[in-house]
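Try each task before reading its solution.

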Amino acid sequence: MFRKLHDPGPATVTVHIDGRPVRAEVGESIAALLLRQPEGWSRTTPVSESRRAPYCMMGVCFECLVEVDGQGSVQGCLTPVQDGMSVTRQQGRRSLSA
């Protein structure tokens with residue numbers, strides 16, 4: 001588990017991760033926020049359902065895919081947090097609507 005090296009002070013927002021409110025620093029990525037949680041994973045694989053966590057933190061590996069405000073397969077490392085944002089860890093294969 002990771003932690004912040006500095007106190008973000010009053011510049012924080014509330015993000016909901018799997019329905020649980022979490023304080024985040026303005027400007028940080030969803031992936032960085034997930035890595036600081038007790039369970040730092042972001043998604044499970046479609047076949048074996050093993051947990052995956054953010055890895056490259058620059059948009060290359062796609063291990064940080066999450067659902068944000070109902071939109072699936074969002075790269076958490078490239079998406080900054082916003083107040084009131086709802087983040088859900090992506091479970092297995094994403095279903096597509098017709």
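**Exercise 1.** Which residue in strand 6 is the bridge partner of V68?

*Solution.* Start with the ground rules. This is a predicted model, so take local features only where pLDDT is at least 70 and side-chain atom pairs only at pLDDT 80 or more, while totals for chains, interfaces and linings use all residues. Residues are numbered from 1 along each chain as its sequence is written, and side-chain values use heavy atoms, with hydrogens and water left out.

Step one: find the strands, which are DSSP runs of E at least two residues long, numbered from the N terminus (helices are runs of H or I of at least four). Strand 5 covers residues 65-68, and strand 6 covers 71-75.

Step two: check the pairing, which takes at least two DSSP bridges between two strands. Strands 5 and 6 have 3 bridges and run antiparallel.

Step three: read off the partner. V68 bridges to Q71, and L65 sits opposite Q75.

**Exercise 2.** Where is D69, and is it buried or exposed?

*Solution.* Begin with the location: D69 lies in the loop between strand 5 and strand 6. These strands make a hairpin with 2 residues between them, and D69 has a positive phi near 50° there.

Next, the accessibility. Buried means under 20% relative accessible area, exposed means over 50%, and partly exposed is in between (1.4 Å probe, protein chains only). D69 comes out at 53%, so it's exposed.

Then look at what D69 touches, with contact meaning heavy atoms within 4.5 Å. Skipping residues up to four places away in sequence, you get G84, M85 and S86.

Now follow G84, in the loop between strand 6 and strand 7. At 46% relative accessibility, G84 is partly exposed. Its contacts, leaving aside neighbours within four places in sequence, are T14, H16 and D69.

D69 and M58 are 11 residues apart in sequence and 21 Å apart in space. G84 and G9 are 75 residues apart in sequence and 18 Å apart in space.

**Exercise 3.** What is the strand order in the open sheet of 5 strands, and which strands stand at the edges?

*Solution.* Trace across the sheet: the order is 2-1-7-5-6, and the pairing is mixed. Strand 2 (20-25) and strand 6 (71-75) are the edges; each has a single partner strand, so one side of each lacks a neighbour in the sheet.

Then take the strand 2 end. Strand 1 (residues 12-17) pairs with strand 2 in the antiparallel sense over 6 bridges, with I17 partnered by R20. Those two strands also form a hairpin with 2 residues between them, and D18 in the turn has a positive phi of about 50°.

**Exercise 4.** How many disulfides does the structure hold?

*Solution.* The test is a pair of cysteine sulfur atoms within 2.5 Å. The count is 0.

C64 isn't in a disulfide either: the nearest cysteine sulfur, in C77, is 3.6 Å off.

**Exercise 5.** Which residues is Q90 in contact with, leaving aside its neighbours within four places in sequence?

*Solution.* Q90 belongs to the segment after strand 7 (86-89), and it's buried at 11% relative accessibility. The contacts are S42, R43, T44, L65, V66, E67, G72 and S73.

**Exercise 6.** What is the pattern along the sequence, and what is the radius of gyration of the protein?

*Solution.* Count first: there are 1 helix and 7 strands, in the pattern β-β-α-β-β-β-β-β.

The radius of gyration (over C-alpha atoms) is 13 Å, close to the 13 Å from the globule rule (2.2 Å times the number of residues to the power 0.38) for 98 residues, so the protein is as compact as a globular protein of that length. Its C-alpha atoms fill a box of roughly 45 × 25 × 20 Å along the principal axes.

Last, burial: 41% of the 98 residues are buried.
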